[in-house]
Amino acid sequence: MNAQGGQAVIDVTGLTKIFGRKTVVDHIDMRVNRGEIYGFLGPNGSGKTTFIRMLCGLLRPDDGHGTCLGFDVREQAELIKPHVGYMSQKFSLYEDMTVRENLDFIARMYAVADREAGVARSIERMNLGRFRDQLAGTLSGGWKQRLALAACMIHAPRLLLLDEPTAGVDPMARRDFWDEVHKLAGEGITALISTHYMDEAERCHRLAYIAYGHLLATGTVSEIVAQEGLFTYEISGPDLYGFIDKLRSLPGVEQVVAFGVTLHVSGRDGDALAKSLAPYAAPPLTLRRIASNLEEVFISLMRKAVS
Amino acid sequence: MAGFLGFSPARFGAMVSKEFTQMRRDRLTFAMMVGIPLLQLILFGFAINSDPKQLPTAILDNDRSVFSRDMAAAMKNSDYFKFTKEIASEAEADELLRLGRIQFVLTIPQNFGRDLVRGVRPVALLEADATDPAATSNAVAAIRQAATDAFNRDLTGPLLSLRAKDGPVDLRLHARYNPEAVTQYNIVPGLMGVVLTMTLVIITSLAITRERERGTMENLLITPVRPTEVLLGKILPYIVVGYVQMMLIVLAAKLLFAVPFVGSLPLLFLVSFPFIAANLGVGITFSTIAQNQLQAVQMSFFFFLPSILLSGFMFPFQGMPQWAQWLGSALPLTHYLRVVRGIVLKGNTFVDIVPHMWPIGLFLLVSVGIGVKRYRQTLD
């Protein structure tokens, strides 16, 4: 199931949503293939949640068309729903019901065959055993996420739409979560996952970056980095902090970020940047060209979108 | 997938059992469902009396004859008056009335007895604090009879001719169904409708609004559940609650207030179904309009107030102006009260109450119809 040749699970064009006078999602095209883990990135309020909600029938698109799992997103939401596992940003299971009751309820909604075994299996898989009979509202943030994930996978969906599933979750639980997602992808399940974490973005097969309702970039991590054509230099040496403001005012410099004991300086105009940074190569400082990372690329994309 | 595009009994069952689970855990709502009927029963049943007796009365007796004492005794015997004070001047009478210490002042002039014997019809004055007409009207009616019969014992021998004469017509009064005019007999069956209206509208209006406010609606809408499954799944548990409330009130009516049950109890339970469902329909409709739980409660009160005031529960329906009667007729409680009182007090049969049933049925259809139409299957 490679990214290029597979059949499209999500294939939409021009999807648009307007709330009042604000266009929250502005003509976005997206194609996600079967078995792909597709990362969905962008600043807060960029329209990620709205876009995901339109895919699974929670919101009606104001414009655009396309299919999700082969069904029309505008007309056949009822046929899409049974095969989608959706996890909302905010915990949206019943806090006054226990872990088992919540999972049982969801399983009944999807008419899961052999429900009891299905619920037991998903409790097992997410390690929720010791919280089985605890009210969901009393779980900590990380365990709530696990419960939500268990709930959205209980009916063996073909597509997972996960809206910031790991926000506020500790690194260990995040790693477990991603291992799980990769395992599912291996079984042919497709996942569209929105996130703010760069390390998570790098674990996706492909990415889309959206800001203020517009799609700014799509592709693999290396494709996106290459597309943006960003040059980055690393300055190391003593007392770097004092240089930051000075560096920011130089021609060609677009970003200066402190990375531990080094500074990363990036810009799209390679010549201007090299010229501006030349004085910083003298001892005790050292200057070297490095590959731009995803975060620098995204911040660059976001700045471009604002201006 | 069987019944995918239609109604799925399995999903409906899941909704119902979820509602029951949550209902069990929500102690405050649970307390409201049982507490409100009990509280209203006790307050309305024990505390409210539209036929007050033993009202505090002062007497200004300037005559002190056997006839002035006859007058006072007759009033006392009517049970409406209780002489709490004997006063000496009109100024004192004014003050006591103004301060609300007494409800009535009876003034008997000098030479009352002498004039009576002479046959010149002496004047006795009863002043009432009529700020609350309901508190005084029955007593005022009673004193007329008292004034007629008061002196018979002492109008004997040559005075016999002064006794009140029979009117030209022998009018017989027969107060049926509640001859002793016991307020509770009217109030307690009526409470059944009031309690059902109050609690069921509030609870169901919260039911869907809560899902939206807590964000759980999102998770519910993403499942294949159909609107009818959600709405009916929310209604059914509260129909059960409504019947539990009814049983509480029926039990209390029998055991605490000894309300006579003339009609058929099973019939009452049967015909209550559309009324309960109509109220739930109102609640569901509100919950599709309200943005949050506070608004839902506020809307419920907008429905509850006219229901309790215009339905004939608190005040006689026939006494309202035409427009108010029309408004009242649009509310299901108005018709339900007639049904309940008809069955409980008058022994009405199904055929007797049909004229009151169809408006309830119509209301049910409209309220549930609006609720279903307004229910959104998306988050838009």
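**Loops, strands and helices in a two-chain model**

Colleague: In which loop does Arg121(B) lie?

Modeller: Arg121(B) sits in the loop between helix 5 (112-118) and strand 4 of chain B. Please keep in mind that this is a predicted model.

Colleague: Is Arg121(B) buried or exposed?

Modeller: Arg121(B) counts as exposed, because it has 8 C-beta neighbours inside 10 Å, and the limit for an exposed residue is 12 or fewer. Its phi is near 50°, a positive value in a residue other than glycine.

Colleague: What about Ala156(A), where is it found?

Modeller: Ala156(A) belongs to the loop between helix 5 (141-153) and strand 7 (159-163) of chain A. This residue has a positive phi of about 50°, although it is not a glycine. Ala156(A) is partly exposed, because 14 other C-beta atoms lie within 10 Å.

Colleague: How many bridges join strand 1 to strand 2 of chain B?

Modeller: There are 5 bridges between strand 1 (residues 55-61) of chain B and strand 2 of chain B, and these strands run parallel. Ile59(B) stands opposite Glu86(B) in strand 2 of chain B.

Colleague: Which way do strand 9 and strand 10 of chain A run, parallel or antiparallel?

Modeller: Strand 9 (residues 206-211) and strand 10 (residues 214-219) of chain A run antiparallel and are joined by 5 bridges. Tyr209(A) has Ala217(A) in strand 10 of chain A as its bridge partner. The hairpin of strand 9 and strand 10 of chain A has 2 residues between the strands, and Tyr212(A) takes a positive phi near 50° there.

Colleague: Now helices. At what angle do helix 10 and helix 11 of chain B pack?

Modeller: Helix 10 (residues 265-289) and helix 11 (residues 293-310) of chain B pack at an angle of about 140°, with their axes 9 Å apart. That angle makes helix 10 of chain B oblique to helix 11 of chain B. The contact includes Val282(B) and Phe286(B) of helix 10 of chain B, and Met299(B) and Phe303(B) of helix 11 of chain B.

Colleague: And how do the axes of helix 10 and helix 14 of chain B cross?

Modeller: The axes of helix 10 of chain B and helix 14 (residues 350-374) of chain B cross at roughly 25° and come within 8 Å. These two helices are therefore roughly parallel to each other, and their crossing is left-handed.

Colleague: Which residues does Leu58(A) touch?

Modeller: Not counting residues up to four places away in sequence, Leu58(A) touches Arg53(A), Glu218(B), Leu221(B), Ile222(B), Thr378(B) and Leu379(B). Leu58(A) is buried, because 23 other C-beta atoms lie within 10 Å, and 20 or more is the limit for a buried residue. Leu58(A) lies in the loop between helix 1 (48-55) and strand 4 (63-68) of chain A.

Colleague: Where in chain A does pLDDT stay under 50?

Modeller: It stays under 50 over residues 1-5 of chain A. Where pLDDT is low, the predicted coordinates should not be read in detail. Chain A averages a pLDDT of 89, and 98% of the residues score at least 70.

Technical notes:
Residues are numbered from 1 along each chain as its sequence is written. Chains are lettered from A and ligands numbered from 1 in the order in which they are written. This is a predicted model: local features need pLDDT of at least 70, side-chain atom pairs count only at pLDDT 80 or more; totals for chains, interfaces and linings use all residues. Two strands pair if DSSP finds at least two bridges between them. Helices (H or I, at least four residues) and strands (E, at least two) are DSSP runs, numbered from the N terminus. Two residues are in contact if their C-beta atoms, placed from the backbone, lie within 7 Å. pLDDT is the predictor's confidence in each residue, from 0 to 100. Axes are lines fitted to C-alpha atoms, for helices over the stretch in contact, and angles run from 0 to 180 degrees between N-to-C directions. Angles under 35 degrees count as roughly parallel, over 145 as roughly antiparallel, 65 to 115 as roughly perpendicular and the rest as oblique. A crossing is left-handed if the near helix is turned anticlockwise from the far one by less than a right angle, and right-handed if clockwise.
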